[in-house]
Amino acid sequence: MRSYLNHYIGGRWVESQGGKRHEVINPATEQPCTEITLGTAADVDAAVKAAQAAFERFSRTSVDERVALLEAILAEYRNRADDLAEAIALEMGCPIGIAKTAQVGSGLGHLMAAIKALKEFRFEETINQSLVVHEPIGVVALITPWNWPMNQIVAKVAPALAAGNAMILKPSEEAPSCAAIFAEVMDKAGVPAGVFNLVQGDGPGVGTALAQHPGIDMVSFTGSTRAGILVAKNAADTVKRVHQELGGKSPSVVLDSADFSRAVPGTLMSVLLNSGQSCIAPTRLLVPKGRQEEAVAIARQVMSATETGDPLTEGRHIGPVVNKAQWDKIQGLITKGLEEGAKLEVGGPGRPDGIDSGYYVRPTLFSNVTNDMTIAREEVFGPVVTIIPYEDEEDAVRIANDTNYGLSAVVFGDADGVKRVAPRLRAGMVYVNGGAPDPNVPFGGYKQSGNGREYGKFGLTEFMEVKSLIGALA
């Protein structure tokens with residue numbers, strides 16, 4: 001059993017003030033694999049004081065100093081890559097091969113993108129007789145999820161640090177080890193005491209205390225829309241900035257001009273990559289009504305060939321979902337799909353054949369889905385894909401946009417079709433013909449998928465205030 005019972009506050013590992021122990025369950029074995037201490041409001045207060053003290057000096061460091069610090073973090077992060085990957089595989093069930101490449105690799109990408117953005121960013125601009133300057137916002141709280149733990153931790157920490165802020169990280173209690181290892185990375189890289197602080201805990205405890213704390217100037221939150229609403233409400237009384245990256249129900253619009261042999265498997269693999277536990281997973285596959293059977297035949301083959309297995313074993317299989325609560329939710333939604341009349345093509349309720357324990361979900365494919373069905377409206381967050389037929393492009397756009405979410409969308413088709421459809425999709429990101437996320441371009445959504453943007457220079461500006469010096473200094 002891994003033990004990370006202390007918090008990292010003010011450059012030291014310290015005991016919690018009144019916290020309680022929490023066991024993390026390995027989703028592949030259903031046995032405890034890690035223990036942490038869930039923090040308290042007193043722990044948050046100590047971290048805020050440490051961050052406030054550190055901010056005064058760190059906010060005045062030069063761009064060159066912060067670039068050098070980020071480069072030191074990058075080097076040490078590379079040294080701990082295997083440890084980070086193992087922690088992710090153990091705690092949230094991601095297969096070790098994907099953990100080493102996509103999961104840990106995303107953190108590398110965000111560090112490099114932050115370094116590039118910091119070197120190129122214009123902190124000052126003259127407008128008429130005034131000087132407009134960008135300054136760090138202050139003490140920021142970073143609340144991150146379990147599904148892509150290092151992606152979201154580094155996507156927040158790197159730009160917050162680059163901007164000159166001090167920070168407190170609260171990772172998910174479902175995948176806390178990689179955050180603790182990352183704190184060791186920050187310490188080894190020489191991040192000044194108090195600039196980076198780690199308080200382990202859950203949402204009702206530490207998350208609420210961070211959002212409500214008057215000493216926190218900004219909260220950057222990634223997680224469910226339900227939790228994001230609570231964060232915003234808790235932050236409202238202190239009028240702090242709240243940045244949110246929330247849920248999604250992304251469409252993949254396969255136009256009649258698309259290569260179905262590429263578009264359909266490409267869509268499904270984007271969902272299966274992390275066992276469906278990705279906010280941008282294109283789980284609604286929209287195809288022309290007259291070609292639904294063609295799409296189903298390709299999709300059935302891909303889903304049927306997908307194996308599940310031990311996250312610590314190398315291979316092309318998918319792992320379990322993160323915990324029993326998620327497994328139960330997914331099972332309920334699969335059953336709901338059957339009850340509402342969707343046609344089950346592959347998978348269904350229960351564990352995959354031959355697996356008696358662990359939170360494994362059968363890769364599941366539904367066809368003849370209508371967009372008013374529960375499985376087309378709610379974020380399943382599992383390896384479940386719905387095929388929704390459409391009449392024409394107008395109908396496809398209508399269905400794609402008929403959702404409370406607007407995080408991302410996918411379009412496959414020829415150049416003319418993509419040019420017609422992609423601009424009309426109400427989503428923060430539209431991936432065209434297999435385009436992949438880029439840590440240098442903005443990431444974030446419309447509607448109930450949140451507000452604000454992450455990645456590159458866009459993430460950097462989120463952690464800054466803008467000041468006008470009018471007249472005398474221009």
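User: How far apart are the mean positions of the positive and negative charges of the protein chain, and what makes a residue count as positive or negative?
Analyst: Lys and Arg count as positive, Asp and Glu as negative, while His and the chain ends are not counted. Each charge is placed at NZ of Lys, CZ of Arg, CG of Asp or CD of Glu. For the 44 positive and 55 negative charges, the mean positions lie 3 Å apart. This is a predicted model, where local features need pLDDT of at least 70 and side-chain atom pairs pLDDT 80 or more, while totals for chains, interfaces and linings use all residues. Residues are numbered from 1 along each chain as its sequence is written, and side-chain values use heavy atoms, without hydrogens and water.

User: Why does the radius of gyration agree with a compact globule?
Analyst: The rule is 2.2 Å times the number of residues to the power 0.38, with the radius taken over C-alpha atoms. For 474 residues a compact globule would come near 23 Å, and the protein chain has 23 Å, so the two agree.

User: Why is strand β17 called largely enclosed?
Analyst: Buried means under 20% relative accessible area, exposed over 50% and partly exposed in between (1.4 Å probe, protein chains only). Six of the seven residues of β17 (residues 384-390) are buried, so the rest of the structure largely encloses this strand. Over the whole protein chain, 59% of the 474 residues are buried.

User: What makes β14 and β16 partners of β17?
Analyst: Strands (DSSP runs of E, at least two residues) pair if DSSP finds at least two bridges between them. Strand β14 (residues 284-288) has five bridges to β17, running parallel, with Leu286 bridged to Ile388. Strand β16 (residues 364-367) has three, also parallel, and there Phe366 is bridged to Thr386.

Conventions:
Helices (H or I, at least four residues) and strands (E, at least two) are DSSP runs, numbered from the N terminus.
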